[in-house]
Amino acid sequence: MELTTEQLMEISGGGINMGVYLAIGGLITFIIGVIDGYLRPLSCNK
């Protein structure tokens, strides 16, 4: 079955929403890491 042009125009993707969720999650993780590093600084093991 082939889709018509009108049916193809009605299709919407969800990739942008997933990218937004991943970016927000990454930002939250980064902020938590910065706060943790500031409050509990650990020395590097050489």
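Reader: Which side chains meet in a salt bridge here?
Author: The side chains of D36 and R40 do, at 3.0 Å from N to O. A salt bridge means a side-chain nitrogen of Lys or Arg within 4 Å of a carboxyl oxygen of Asp or Glu. Side chains of opposite charge can pair when their charged atoms come close.

Reader: Thanks! And how many salt bridges does a search of the whole structure find?
Author: The search finds 1 salt bridge.

Reader: Before we go on, what should I know about the model?
Author: This is a predicted model, where local features need pLDDT of at least 70 and side-chain atom pairs count only at pLDDT 80 or more, while totals for chains, interfaces and linings use all residues. Residues are numbered from 1 along each chain as its sequence is written, and side-chain values use heavy atoms, with hydrogens and water left out.

Reader: Good to know. How many helices and strands are there?
Author: The protein has 2 helices and 0 strands. These are DSSP runs numbered from the N terminus, with helices (H or I) of at least four residues and strands (E) of at least two. Helix α1 covers residues 5–10, and helix α2 covers residues 15–39.

Reader: What box do the C-alpha atoms fill?
Author: Roughly 60 × 20 × 10 Å, taken along the principal axes. Buried residues make up 0% of the 46 residues.

Reader: Where is L22, and is L22 buried or exposed?
Author: L22 sits in helix α2 and counts as exposed, with 59% relative accessibility. Y21 lies in helix α2 too, and Y21 is also exposed at 59%.

Reader: How far apart are the C-alpha atoms of Y21 and P41?
Author: They are separated by 29 Å, and the two residues are 20 apart along the chain.

Reader: Changing topic, what does the side chain of Q7 do?
Author: A polar atom of the Q7 side chain lies 3.0 Å from the backbone nitrogen of T4. Q7 is in helix α1 and is partly exposed at 34%.

How values were computed: Buried means under 20% relative accessible area, exposed over 50%, partly exposed in between (1.4 Å probe, protein chains only). A polar contact is a pair of N or O atoms within 3.5 Å; within protein, one must be able to donate a hydrogen and the other to accept it, and residues adjacent in sequence count only if both atoms are side-chain atoms.
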